[in-house]
Amino acid sequence: MAILVNKDTRVIVQGITGGQGTFHSGAMLEYGTKIVAGVTPGKAGESIHGIPVFDSVREAKDAHDATASIIFVPAPFAGDAAMEAIAADLNPVVVITEHVPVKDEIRMIHEAKRKGITVIGPNTPGVITPGAKQKVAIMPGHVFSAGEVGLMSRSGTLTYEIAAGMTNAGIGISTALGLGGDPCVGLTTIEAVKLFEQDKDTKALVVVGEIGGDAEERAAAYIKKNYDLPVVGFIAGRTAPPGKRMGHAGAIISGSSGTAAAKIKAMNDAGIAVAEKPSDVARLLKEIM
Amino acid sequence: MKLFEHEAKEIFRSFNMPTPPGGVAKTPAEAKKRAVEVGKPVVVKALVLSGKRGKAGGVKFADTPEEAEKFAEEILAMRINDLPVEAVLIEEKLDIQQEIYAGITIDRNERKYVVIGSAAGGMSIEELAEQSPEKIIKMHVDPNLGFQAYEAREMAIAMGFKGKQINQLGSFFLKLWNIVDAFDVELTEINPLILAKDGRFLAADARLNIDDNSLYRHKDFIEKIKREPVEQNERERLATENDMAYVELDGNIACICNGAGLTMATLDAVSVYGGKASTFLDLGGGADAKRVERGIEIAMMYSNVKAILVNIMAGITRCDDVARGILSARDDGDIKVPLVIRMVGTNEEEGQEILNKAGIPFLKTMEDAASKIVELAKEVA
C-alpha cells in the first residue's frame, strides 16, 4: 500500500512533446511508470517513446483508461492544463511546472477541491511509490527504496538528499511526496499527514519543511492531537534573512511569520524529532522506529 | 513586482478610486513647483520600495512651497532601509477625520484572497493584529464568484460605518478587489485610507505588489511605467538572466547548489559549523557543465566571497557534467578563492574521477564539505 500512486495508476503526460515532458516521460517509463498517453493540443497522431499523443485530455483518457495526470506545460498554460485534467476527473493531478501565476493556482485548487480531486503542486517534483515501481514525478527513482516511511517535502533535491540518506541507512519509503515550493499548493502538509495516517503500511513519517507560511505549524498541531506514529522533521532556512525569497516563491519570512524557529518549536512541542542536518533524519528514524 | 506609491495610485485613479491631488518631483525645485500647483499645505513623501518609511523620516508635512522644497531636499538625500530616495511624492495634506486600513492579500492556508479592513488604520497591520485583533475584519473571497458588492458593504458595516458611508467605503473595497483581479495583485494595502473632514474617502497611501509569475500578462503596464520590474544589481541581473535563484547575504562563503531547499539546508549546515554564507545560488534543475561554470562566475563577482562550496545532489543533473563545469571555471581562472565540492548521485564515480585527475578536492557528505569550507574561509579571512 501507499498513498496517491500505486500499481494501478495509469498516467497521462500533458506537455509530452516538450523538452521536459519528453525527457521525464522517458525516465518515468524506465522506472516502471504506466504512462498510457500524452497530450499536446494539435499534435494528435504523434508518438513519444511509443506513447500515443492526443489533442485533448478527454480523448486520451477515453482511449486509454487513464487515472492520473502529470503536467509539464509552460507556466502561462499550466493552469488551463490542470483545469482540463480536473474536468476529465483524473486524480491525482501533478503539476510540475514552476512559476504558475497564483491566481491560476487558486482557481485550479478550488475546482479540484469541489470535485474531490487531489492537486499536487504546482512547482513540485511529484509523487513516487517505490514499492509499486511507479512515479508520477521528476524524482530520480534510484535514490528511493521501498519500505514503510512516508516522506513529504516542499522541495526537490533536498528530498532526494534525505531519501538517499534513508536508503543508505536501510530505511525504505512507502510514498515520497513533493508538496511544491509555491505559497499556494493543492495538497497541503496537513492533508498529506492525513493521507499517510490512513495508509496501514506507513509506519513513520518524515516531514521536510522550509521557511514561509505556517503549514508545518498546523501539521505539527494536528500530529500532536491525532497521529500516534513516530515523526521526524527537518526545516530548511534557519539562517535565511527576512524578506528575501529563497529560491522558492513560498520560502520567505514576512515580518515575524514563517521563521524556521517557530516551525521547529511547533514540531518539538508536538513530540516530533527535529533533525539539525539532512543526514540526521535517517539517524533519528533509526532511533525512534 | 513592487510598485512605487505613485505607480500604484495611477492604477487606483484609473479605477476611479480617489487619491489626494499632487505629483512626483525628482528635485527640490520640482517639489516646490508641485506644492504651488496643489495650492495648499502638502505632504512630502519619499518614493521608495520599502515599508516603515514614516518611521525612517521619509514623510514630512509642509505648510508652504518653500518648506516643501526644503523637506524634499532633505528626503532626496536620504537612504531608507539602504535604498536611495530618487523621487518624492508631493500631495495635498488632508484634513483627517479618521484613518482606515484596507488591504487584500492571499491566505496561503485557505488558498484564497482575503480582504482585510480596520477602522483603526495608520499603524502597521502586524502591530494592529497584535494589539487589537478584534478590530481587524477579514473576509475570504470566493474563488469562483470574486468579491461581491454586498460583501464589500458588509465589510464597511462590520468596520462600524453607518449611513451613506457604507456605500462609499464599500465601493472603495470593491474597486480594490477589481484592481487585484485585473492586475494579478498578490498584496495591496491602503494605510491610511483617509476619511476626510469633508466626508470624502481618499487613498492617502498605496502599496501594491504584482505577482511576478503573472508579469507576462501585464506587459503594457510595465512598458507604460518605463522601468524594469525589479531593481537588481549586476550579479542579481545575471543570475535572473540565467534562470538561477540568487540572494546575497553578509557572510563570506558562497553556496552553489541545485534546488532551493538543498541550498537553504547548505547555508544552514555552514552555520552549524560556525561559518556564514555570502551567497545563496540555486542553479535549478538540470544543471549542466555550462550552468555550473556560469554560477561560479556570478558568485565570484561578489566581493564578499572568500570561499566557495558547491553542493550538488544529482538526480537529473549528472556529476560528470558538474565536474566538467568546475574544471572549466578553474581553467579559465574564474576561481580565485578556496573551493570545496560535494556531489552525490547520478554518475558520481565519473565526476569524482574527473576532479581527482584535476587535483580538485572532493567530499562525499554535506557535513564534511560544510565543515571543510568553514575552516578554509577562516584561513583566508
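Residues are numbered from 1 along each chain as written, and chains are lettered from A. In this predicted model, local features need pLDDT of at least 70 and side-chain atom pairs count only at pLDDT 80 or more, while totals for chains, interfaces and linings use all residues; side-chain values use heavy atoms, without hydrogens and water.

**Exercise 1.** Decide whether A:Glu191 is buried, partly exposed or exposed.

*Solution.* Start with the scale: buried is under 20% relative accessible area, exposed is over 50%, and partly exposed lies in between (1.4 Å probe, protein chains only). A:Glu191 has 27% relative accessibility, so it counts as partly exposed. Next, look at what it touches, where contact means heavy atoms within 4.5 Å. Not counting residues up to four places away in sequence, A:Glu191 touches A:Gly186 and B:Arg111.

**Exercise 2.** Describe how chain B meets chain A.

*Solution.* First take the residues: 40 of chain B are in contact with 58 of chain A. Then take the buried area, meaning the accessible area (1.4 Å probe) that two parts lose on being put together, summed over both. Here that area is about 4,000 Å², with 58% from carbon and sulfur atoms. B:Arg108, B:Arg111 and B:Met264 supply 21% of what chain B buries against chain A, more than any other three residues.

**Exercise 3.** Find a salt bridge between the chains.

*Solution.* Recall the rule: a side-chain nitrogen of Lys or Arg lies within 4 Å of a carboxyl oxygen of Asp or Glu. Across this interface, the rule finds five salt bridges. Now check a pair: the side chains of A:Asp104 and B:Arg217 form a salt bridge, at 2.5 Å from N to O.
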